[in-house]
Amino acid sequence: MNEPFDAKSSENQYKLLGELTVPLDDSELFTATSVEHWKQVTEKIAWFVCLLATLVLIVPMMAILTYLLVQAWPALSFSFLVENPHNYMTAGGIWAPLVGTFWLVWISLLIAAPVGVLAGVYLNEYARDNWCTRIINLAVVNLAGVPSIIHALFGVGAFVMFAGMGRSLLAASCTLAVMTLPVIITSTREALAAVPRAFREACWNLGASRWQTIRTIVLPNSISGILTGVILQVSRAAGETAPILFTGAVFFSTLPEYGIQAFFPYGLGDRCMALSMHLFTLSTQVRGVTPALQYGTAVVLIGLVLAVNSLSIGLRVYLRSRKKW
Amino acid sequence: MDHAIQFDDVSVHYGGKTALRQITLAIPKKQIFGIIGPANSGKTTLLKCINRTLDFTPAARVSGKVVVAGRDVAGFRNVYELRRRVGMVFPLPVGLPLTIYENVAYAPRRAGIHDRAELEVLVEHCLHQAMLWDEVSDRLDMLGTRLSGGQQQRLTLARALSHRPEILCLDEFSIAIDPVTTMKIEDVLLELKEQMTIVLVTNLVQQARRLADRTAFLSAGTLIEEGETEKIFTQPVNRLTERYVNGEFG
Ligand SMILES: Nc1ncnc2c1ncn2[C@@H]1O[C@H](COP(=O)(O)OP(=O)(O)O)[C@@H](O)[C@H]1O
Ligand SMILES: [Mg+2]
């Protein structure tokens with residue numbers, strides 16, 4: 001009777017289990033209390049509202065894309081891409097603006113990416129937290145929200161006039177670069193800040209300098225975030241009209257369509273056509289343009305932006321799959 | 001003059017908060033020096049003064065003098081050399097996001113050793129010393145961050161040994177390590193003290209008693225008592241020390 005109770009022996013465990021289960025029958029166990037009932041209801045509501053918001057977003061987007069594609073269908077062909085506009089832009093294709101956009105974006109990227117990434121590295125890795133840094137950070141964040149037309153005016157003042165570039169491909173690219181810089185800096189800083197500080201401290205303790213630490217540990221592990229930020233700015237630069245309107249874009253210019261010349265048609269000092277500008281011209285400045293031509297231009301522009309964005313998403317997924325901690 | 005590290009009237013403030021109060025302390029060469037004390041008494045801060053990693057905490061202000069290898073640490077032009085002379089192991093294990101091999105080869109590479117054969121020997125040697133070799137010898141190219149907590153802790157130890165430091169600072173190194181492995185590492189430490197000075201911060205007073213030649217007791221940023229370990233444990237001068245080593249507070 002008085003032998004010690006050993007909870008671990010299988011016989012006693014069975015007994016314990018039996019005592020526990022007897023007073024509770026199943027129906028009592030699984031009936032929701034009023035609190036739990038309310039929990040289930042709110043869960044359903046939350047799910048539905050979130051789904052609705054997503055649909056509100058997706059449906060118009062799909063509708064716009066479909067409408068554009070249908071309208072543009074008669075114009076879309078390979079020759080549409082590689083032919084220059086003819087007959088006062090009422091016929092032909094979009095080769096000149098396409099090449100123009102390519103060079104504008106590429107040159108602005110060559111300027112903005114290194115400067116933006118290095119500035120982000122400085123602000124996140126080197127700068128001490130004092131009032132000066134805080135003002136710079138505030139300025140960067142606010143610049144990201146400045147409307148592009150303001151950047152355009154700045155570009156006219158700074159590059160076209162002050163720096164004496166005139167209205168040119170270079171001035172327009174510089175303006176685009178200035179417009180994209182703040183976001184590149186901010187996204188770089190965020191990507192760097194996501195690398196745990198403990199890694200840096202471990203390296204410093206091993207006698208590595210700040211730059212060695214950045215090069216060997218911080219940058220390799222934040223490159224996906226940095227690249228995503230940079231690439232998203234590419235599509236933004238491709239789509240904007242205002243910053244290039246007064247700084248270097250031109251309504252019309254003919255380019256060679258054949259040979260190596262066709263790919264390098266503009267010098268840095270030349271004005272150039274651009275897709276976004278071309279679309280604006282076709283829809284408001286020229287008479288007698290078939291709608292298909294306008295929609296075709298829009299589809300190519302959107303396609304370009306979507307392609308660049310998917311590239312960035314793909315890159316991010318790939319790099320994240322190799323995440324190291 | 002025959003001391004590895006000397007603290008001369010060292011105080012540290014974090015903003016308005018005092019972490020260390022006028023510490024004067026000499027740590028002899030080629031011994032294990034234990035530092036014990038309750039949480040937040042400034043033990044970690046004391047270690048960070050030695051290799052000047054406190055520089056990376058902008059809020060921290062240091063006054064007084066810390067002398068390592070006969071030189072004032074504030075006067076080291078090449079602070080990286082100072083950090084290479086000191087091996088640090090902090091309580092939270094941090095495997096760098098590199099392979100196990102590269103984790104251990106990191107410091108030697110930064111110091112300019114690029115010879116593969118030399119690196120391989122060095123890496124194996126350090127992993128042996130940290131009692132990790134047997135567990136990872138067949139997967140040196142695995143990411144260090146994928147190891148378990150205790151293994152990462154030993155990886156940190158191997159890394160701290162990889163640049164052949166003259167001084168090894170261990171800050172509560174055994175938190176994440178199982179008792180058996182801890183015992184093995186303690187044996188290694190006893191061997192290592194033939195070659196280097198070891199500063200052992202520990203919250204396990206018995207660990208200090210087992211290993212340390214001399215022990216210092218810190219409380220609330222103040223050095224309460226310092227002396228031969230046996231004396232600290234059996235005939236402490238200060239009442240606070242006596243209560244702490246007997247587990248009455250802390
Ligand atoms: N980076 C920091 N900023 C502000 N206060 C700190 C910082 N690091 C440590 N402290 C404070 O300094 C005191 C000593 O801390 P620490 O040296 O970590 O003690 P221990 O290692 O003995 O636990 C604590 O009160 C702690 O809150
Ligand atoms: Mg500590």
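Predicted model: local features only at pLDDT ≥ 70, side-chain atom pairs only at ≥ 80, totals over all residues.
Which residue stands opposite B:Val12 in strand 4 of chain B?

1. Residues are numbered from 1 along each chain as its sequence is written, chains are lettered from A in the order in which they are written, and side-chain values use heavy atoms, without hydrogens and water.

2. The residue opposite B:Val12 is B:Val62, in strand 4 of chain B. Strands here are DSSP runs (E, at least two residues), numbered from the N terminus, and helices are runs of H or I with at least four residues. Two strands pair if DSSP finds at least two bridges between them. Strand 1 (residues 3-14) of chain B pairs with strand 4 (residues 60-68) of chain B in the antiparallel sense, over 8 bridges.

3. Strand 4 of chain B also pairs in the antiparallel sense with strand 5 (residues 71-72) of chain B, over 2 bridges. B:Asp72 in strand 5 of chain B is the bridge partner of B:Val67. The hairpin of these strands has 2 residues between them, and B:Ala69 takes a positive phi near 50° there.

4. Contact (heavy atoms within 4.5 Å) joins 24 residues of chain B to 21 residues of chain A. The count of salt bridges (a side-chain nitrogen of Lys or Arg within 4 Å of a carboxyl oxygen of Asp or Glu) between chain B and chain A is 0. Helix 2 (79-85), strand 6 (86-89) and helix 3 (100-110) of chain B each give two or more residues to the side that touches chain A.
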